[in-house]
Amino acid sequence: GRSAALRARMEERLLSARFRYINQQLYTSPSREAARLFRSDPQAFHIYHRGFARQVGRWPENPLHRIVRLLRRRPASLVVADFGCGDCTLARSLRNKVHCFDLVPLSPLVTVCDMAQVPLAAEAVDVVVFCLALMGTNLQEILEEANRVLKPGGTLLVAEVASRFEDMRAFLSAMALLGFKSVSK
Ligand code: SAH
C-alpha cells in the first residue's frame, strides 16, 4: 500500500514537472514550434492539458469564467473567435457563434491550426479571446492575425498571468501600435 501511494505521488510530480516544462516551451518558442511539438508528440498535449486543468483548478477564479460572464452580458449575435481554445469551454458556455482554434482537437468543435494563421476571412468576427493562450514569441504576428479577423471596432479580450508580462506599459503601447486601444484592464 505504501509503495503504491509513493509511486502515485511520484507520478503526479513527474506529470506536474512535464506540464511546467511544456508550458515554458510554449511561452518561449515561436508558435510554429509549438505546433510541431504537439504534432510530433501527441501525448505531450494530453499531459499539458491535464496539468493545465489541475493548475487552473487551484486558482481562486478561472479567468475563462469571467470572460463567459462578460460576453453573456453582450448580444448573443456577436461572433467570437477563441484563439487557443483548449477544451472549448467558452464555445460550450455561450449561445454565440464561437470559432475555436487550437493546435490539437480536444473537442470536435476545434479547428486545428496555428493561431498565427487562422482560417477566417478578414473582418469576420466581433470578439477575439486569448484566455491563458497568448503564447509564443511571435506575439506580433499572432496579434496582427487577431486584428485581421476582427471587424473594425471589435473587441480583443486577453487573460494572462500577470507575471508573464515583463512590462505592462510597454505591452500596452505595443498593442496601440498594432491598432488596439486599451478600454479596460
Ligand atoms: N483558453 C483555454 C485553454 C488555455 S491553455 C482555457 O482558458 O481554458 C492554452 C491553449 O493554447 C492550449 O490548448 C494550447 O494548445 C493552445 N495554443 C498554444 N499555442 C498555440 C498556437 N500556436 N496555436 C493554437 N493554439 C495554441
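This is a predicted model: local features need pLDDT of at least 70, side-chain atom pairs count only at pLDDT 80 or more; totals for chains, interfaces and linings use all residues.
Contact here means heavy atoms within 4.5 Å.

Start with helix α1, residues 2-28, against α3. From α1, the residues in contact are Glu12, Leu15, Ser16, Arg18, Phe19, Ile22, Asn23 and Leu26. They meet Gln43, Ala44, Ile47, Tyr48, Arg50, Gly51, Phe52, Arg54 and Gln55 in α3. By class, that contact has eight nonpolar, five polar and four charged residues.

How do the two helices cross? The angle is about 100°, and the axes are 8 Å apart. Angles of 65 to 115 degrees count as roughly perpendicular, so α1 and α3 fall in that class.

Now the other neighbour of α3. Helix α2 covers residues 31-40, and α3 covers residues 42-58. Their axes are 4 Å apart, at an angle of about 105°. This pair is therefore roughly perpendicular too. On the α2 side we have Phe38, Arg39 and Ser40. On the α3 side, Pro42, Ala44, Phe45 and Tyr48.

His49: an N or O atom of its side chain is 2.7 Å from a ligand oxygen.

Asp114: a polar side-chain atom sits 2.9 Å from a ligand nitrogen.

Met115: here a polar backbone atom is 2.9 Å from a nitrogen of the ligand.

How much of the ligand does the protein cover? On its own, the ligand has 580 Å² of accessible area, and the protein covers 98% of that.

Notes:
Residues are numbered from 1 along each chain as its sequence is written. Side-chain values use heavy atoms; hydrogens and water are left out. Axes are lines fitted to C-alpha atoms, for helices over the stretch in contact, and angles run from 0 to 180 degrees between N-to-C directions. Angles under 35 degrees count as roughly parallel, over 145 as roughly antiparallel, 65 to 115 as roughly perpendicular and the rest as oblique. A polar contact is a pair of N or O atoms within 3.5 Å; within protein, one must be able to donate a hydrogen and the other to accept it, and residues adjacent in sequence count only if both atoms are side-chain atoms. Accessible areas come from the Shrake-Rupley method with a 1.4 Å probe; for residues, only the protein chains shown count as cover. Ala, Val, Leu, Ile, Met, Phe, Trp, Tyr, Cys and Pro count as nonpolar, Asp, Glu, Lys and Arg as charged, and the others, Gly among them, as polar.
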